[in-house]
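Student: Hi! Could we go through this one together, starting with the rings?

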Amino acid sequence: MKDKKCCSWKCANHLGMFFLVLFVICFLWYYIRPVEQEMHLSMLKMSFFGFDGMNVMSFILGAIQAYIWGFIVSGVWALVGCHGKNKECKS
């Protein structure tokens, strides 16, 4: 197989979109499974800055933060050196 150059922005975007989908599922889970709603709401308030309830503004702030966390995690991954010194993806 031919080695491809890693595109850290592409990896970060994919990871950010993954975290965003997880946030949407978590946000909707509050309404899908109404068990322990207070605990679920408290966990969302602890996890996302500015989250104050199940409203549109909290959803937007949480979605933006979830997406940004993808870039942060991808940057830390690159700093740790998991991609190798020559910036080529390892299989």
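Tutor: Happy to. Rings of Phe, Tyr and Trp (its six-membered ring) pair if their centres lie within 6.5 Å; planes under 30 degrees apart count as stacked, over 60 as edge-to-face and the rest as tilted. This is a predicted model, where local features need pLDDT of at least 70, side-chain atom pairs count only at pLDDT 80 or more, and totals for chains, interfaces and linings use all residues. Residues are numbered from 1 along each chain as its sequence is written, and side-chain values use heavy atoms, with hydrogens and water left out.

Student: Which residues do ring pairs link into a cluster?

Tutor: Phe 23, Phe 27, Tyr 30, Tyr 31, Phe 48, Phe 51 and Phe 59.

Student: And how many aromatic pairs are there by this rule?

Tutor: The count is 10. One of them is Phe 18 with Phe 19: their centres are 6.1 Å apart and their planes at 45 degrees, so the pair is tilted. Phe 23 and Phe 27 also form a tilted pair, at 6.0 Å centre to centre and 40 degrees between the planes.

Student: Where do Phe 23 and Phe 27 lie?

Tutor: Both are in helix H1, 4 residues apart, about one turn of the helix. Helices (H or I, at least four residues) are DSSP runs, numbered from the N terminus; strands (E) need at least two. An α-helix has 3.6 residues a turn, so residues three or four places apart point the same way.

Student: Is Phe 23 buried or exposed?

Tutor: Buried, which means under 20% relative accessible area; exposed is over 50%, and partly exposed is in between (1.4 Å probe, protein chains only). Phe 23 has 3%, and Phe 27 is buried at 8%. Phe 18, at 47%, counts as partly exposed, as does Phe 19 at 23%.

Student: What do the buried residues of H1 pack against?

Tutor: Helix H2 (37–47) and helix H3 (56–80). Those buried residues are Ala 12, Gly 16, Phe 23, Phe 27 and Tyr 30.

Student: Switching to His 40, which residues is it in contact with, leaving aside its neighbours within four places in sequence?

Tutor: Contact means heavy atoms within 4.5 Å. On that basis, His 40 touches Cys 26, Trp 29 and Tyr 30, once its neighbours within four places in sequence are left aside. His 40 sits in helix H2 and is buried, with a relative accessible area of 15%.

Student: What about Ser 74, buried or exposed?

Tutor: Ser 74 is buried, at 12%, and lies in helix H3. Leaving aside neighbours within four places in sequence, Ser 74 is in contact with Ser 8, Cys 11, Ala 12 and Leu 15.
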